[in-house]
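Welcome! Take a moment to turn the model around on your screen, and then we will walk through it together.

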Amino acid sequence: MVKVTINEIVCKGCGLCVRACPKSVLALSKTKLNAKGYHPAEVAVPEACIGCASCARTCPDVAIRIEKE
Amino acid sequence: MSVVFEKTQLLTDKQFHYCPGCNHGIIHRLVAESIDELVKEGKLEAGNIVGVAPVGCSVFAYDYFNCDMFEAAHGRAPAVATGIKRAKPDTLVFTYQGDGDLASIGTAEVVHAAHRGEKIVTIFVNNAIYGMTGGQMAPTTLVGQKTTTSPYGRDEAWCGAPIKMSEMLSEVPGSYYIERCAVNNNANILKTKRAIKKAMQYQLEGKGFCMIEVLSTCPTNWGLNPVEAMKWLEENMIPYYPLGVYKDKGAEQK
């Protein structure tokens with residue numbers, strides 16, 4: 001089980017994490033807007049996550065935290 | 001639950017002011033994590049770190065690093081770092097500079113710092129444009145690249161070819177370790193971190209001048225979205241600015 005936490009306040013919706021994910025787990029939210037006016041990234045397919053941390057390493061705002069069981 | 005990845009303590013809680021997709025954030029994190037690891041390995045005291053921030057987009061870098069920081073005049077970060085390192089030789093001193101700061105107004109400072117073999121680490125972020133001032137042509141702008149001051153693309157006959165700092169400084173006898181990296185994918189992000197950490201280790205061992213050039217995107221001023229900008233960097237910048245180690249006196253001696 002992998003837990004991906006995205007800090008939606010800090011996220012600027014750049015989409016680099018979506019590009020980096022090898023399993024297409026992440027997507028930019030189509031409904032949510034954060035205080036900065038961006039569509040934050042969200043975990044769309046949590047069960048596909050392998051916990052490689054590629055998204056977290058590429059995030060320019062260090063908004064992703066990853067925990068593994 | 002074990003933590004696989006979290007924000008390093010060497011970065012403050014302040015949110016980056018950079019545009020969405022700007023690579024500065026990634027490079028800040030790599031610098032902070034490298035320092036953090038050296039502290040945890042016991043090679044460095046936590047209070048013995050001084051960074052020198054430049055003028056440019058990363059002018060507020062002093063707000064983001066959880067160590068002592070100094071704000072230098074435009075381009076003068078290597079000169080300031082020289083003073084700090086000579087006064088306090090046990091300190092880890094690094095400068096963080098963009099291409100407008102290092103390759104344009106501050107070229108003299110960095111060339112002379114390298115010639116003197118100052119024991120400092122310079123992180124040089126090259127995004128081929130002046131970001132903060134609104135996307136004007138920089139010395140590192142590629143031939144044919146459109147900017148606000150080269151609307152028809154950079155003309156080599158008129159403006160010359162883009163300056164290659166890593167190649168230039170690797171010819172300087174005083175430089176110790178020069179490498180060019182990028183943060184366009186996971187493998188390159190890890191390589192960049194390894195390079196930054198290696199440079200800092202060389203400094204702690206009292207070796208000479210080290211510079212890590214990191215290719216970066218500027219989605220806002222390139223007029224591309226962050227994902228397209230990464231692709232543009234891979235297709236245009238990396239062929240002109242080849243990645244790799246340009247000089248490593250430590251490896252030559254082995």
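What percentage of the 254 residues of chain B count as buried? The answer is 53%, where a residue is buried if 20 or more other C-beta atoms, placed from the backbone, lie within 10 Å of its own, exposed if 12 or fewer, and partly exposed in between. Before going on, please note that this is a predicted model, in which local features need pLDDT of at least 70 and side-chain atom pairs count only at pLDDT 80 or more, while totals for chains, interfaces and linings use all residues. Residues are numbered from 1 along each chain as its sequence is written, and chains are lettered from A and ligands numbered from 1 in the order in which they are written.

Let us begin with chain B as a whole. Chain B has eleven helices and eight strands; these are DSSP runs numbered from the N terminus, helices being H or I with at least four residues and strands E with at least two. The radius of gyration of chain B, taken over C-alpha atoms, is 17 Å, close to the 18 Å that the globule rule gives for 254 residues, so chain B is as compact as a globular protein of that length. That rule is 2.2 Å times the number of residues to the power 0.38. Along its principal axes, the C-alpha trace of chain B spans about 50 × 50 × 35 Å. Two residues are in contact if their C-beta atoms, placed from the backbone, lie within 7 Å. Of the contacts in chain B with a separation of 6 or more, 67% are between residues 24 or more positions apart.

Now find strand β7 of chain B, residues 209–215, where seven of seven residues are buried. One side carries B:F209, B:M211, B:E213 and B:L215, the other B:C210, B:I212 and B:V214, and both faces are covered. Strands count as paired if DSSP finds at least two bridges between them. β5(B) runs parallel to β7(B) and is joined to it by six bridges, with B:T122 opposite B:M211. β6(B), residues 175–182, also pairs with β7(B) in the parallel sense, over seven bridges; here B:E179 has B:I212 as its bridge partner. From β6(B) the chain passes through α8(B) to β7(B) in a right-handed β-α-β crossover: with the strands pointing away from the viewer, the path from the first strand over the helix to the second runs clockwise.

A buried helix face comes next. In α3(B), residues 77–87, the buried residues are B:A77, B:P78, B:V80, B:A81, B:T82 and B:K85. Their cover includes β2, β3, β4, α4, α5 and β5 of chain B.

Finally, look at where the chains meet. The contact takes 25 residues from chain A and 22 from chain B. On the chain B side, β1(B) gives the largest share, four residues. β1(B) also belongs to an open sheet of three strands in the order β1(A)-β4(A)-β1(B), with antiparallel pairing. β1 of chain A and β1 of chain B are the edge strands, each pairing on one side only. Within this sheet, five bridges join β1(A) and β4(A), A:I6 having A:I64 as its partner. Three bridges join β4(A) to β1(B), and A:E67 stands opposite B:V3.
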